[in-house]
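Reader: I am new to this structure and would like to learn how to read it. Could you walk me through its helices and its core?

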Amino acid sequence: MSVLTLASDPRDATALQSAEAHHARLAGELAGRVTMLLTAVDRDPSAAEKIHAGLVAFCDRSLLPHAAAEEAALYPTAHGMPEARLLIESLIGEHRCLTALVDALRAARDPADAAADARALQVLFEEHLAKENGLVLPLLAVTPEVCLAELLADMHHRLANDSSDKSSPEDQHNEEGHDMYEGQIEEAGGCGGVCGCGGAEEANEPELDVREVPHAIRHATVFGALDAVPAGTAMVLIAHHDPLPLLAQIEQRNPGVFSVEYLERGPEAWRLRFSHR
């Protein structure tokens, strides 16, 4: 099904779609990391500690800078519109709540204490993005006096500068090739040479069932979950079909990092074990 995008300028229509795609990637990566934390708390406390630390680092590296860049580059224009002023003030308040939840995650003494804050962070962030996607971005896109593409370019510039100042070499490598407002990743066949077969599932390995995850954030959720898997451990992915395009993307994104073996090959579910080498 094609999606109709309303905008006053073709550039703004493209910018709107790219912004929504970036929001989906952020939400998916957060969801994947939170899922890994919630499952690891019960199954593997030592791995949960590393996942907890990785979740906080992701928030500091991606989520909070995104919110700050919105307030600096996007929100002032929308706040100047009478029909959006109260909404923007509400969204700024939600940014403060997101920051408080990240601070609570950072201060949590152990992953079990952090689990509730992590889930609350995920829920609030997804609701926050829904308001931006459904209200703020479309309003800016259809207003002739506003160039959404330029506003988002300014936001991109701010984020790029913030990333270069704060990111470690490893962070920069992970973000390489993933532009802030990239479009949907094109699916390609193949498995990148990482597939194997056989092997038994460890009882304490977390599982990520993506069959009920919305399509828009499904691959990003897997990427976030895999980023949260500590070296020397594994994760089991459950999908409703053989995810060959996803395997190709994972290998392209992290060459040689994960080995993959099939634990179940349909017909109702495919279960794959990703081992972080």
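This is a predicted model: local features need pLDDT of at least 70, side-chain atom pairs count only at pLDDT 80 or more; totals for chains, interfaces and linings use all residues.

Reader: At what angle do helix 1 and helix 2 pack?

Author: Helices here are DSSP runs (H or I, at least four residues), numbered from the N terminus. Axes are lines fitted to C-alpha atoms over the stretch in contact, and angles run from 0 to 180 degrees between N-to-C directions. Helix 1 (residues 10–43) meets helix 2 at about 160°, with axes 9 Å apart. Angles under 35 degrees count as roughly parallel and those over 145 as roughly antiparallel, so helix 1 and helix 2 are roughly antiparallel.

Reader: Which residues make the contact between them?

Author: Contact means heavy atoms within 4.5 Å. Among those involved are Leu26, Leu30 and Ala40 of helix 1, and Ala48, Ile51 and Leu55 of helix 2. By class, this contact of helix 1 with helix 2 has 13 nonpolar, 6 polar and 5 charged residues. Ala, Val, Leu, Ile, Met, Phe, Trp, Tyr, Cys and Pro count as nonpolar, Asp, Glu, Lys and Arg as charged, and the others, Gly among them, as polar.

Reader: Is Ala40 buried or exposed?

Author: Buried means under 20% relative accessible area, exposed over 50%, and partly exposed in between (1.4 Å probe, protein chains only). Ala40 has 3%, so Ala40 is buried. Leaving aside residues up to four places away in sequence, Ala40 touches Pro45, Ala48 and Ile51.

Reader: How do helix 2 and helix 5 pack, and at what angle?

Author: Helix 2 (residues 45–73) and helix 5 (residues 111–142) pack at about 30°, their axes 12 Å apart. Helix 2 and helix 5 are therefore roughly parallel. Their contact includes Leu55 and Cys59 of helix 2 with Leu121 and Phe125 of helix 5.

Reader: Which residues touch the most other members of the largest nonpolar core?

Author: A nonpolar core is a set of buried Ala, Val, Leu, Ile, Met, Phe, Trp, Tyr and Cys residues joined through side-chain atoms within 4.5 Å. The largest has 49 residues, and Met235 and Phe274 touch the most other members. A second, separate core of 24 residues includes Tyr75 and Val146.

Conventions: Residues are numbered from 1 along each chain as its sequence is written. Side-chain values use heavy atoms; hydrogens and water are left out. Helices (H or I, at least four residues) and strands (E, at least two) are DSSP runs, numbered from the N terminus. Angles under 35 degrees count as roughly parallel, over 145 as roughly antiparallel, 65 to 115 as roughly perpendicular and the rest as oblique.
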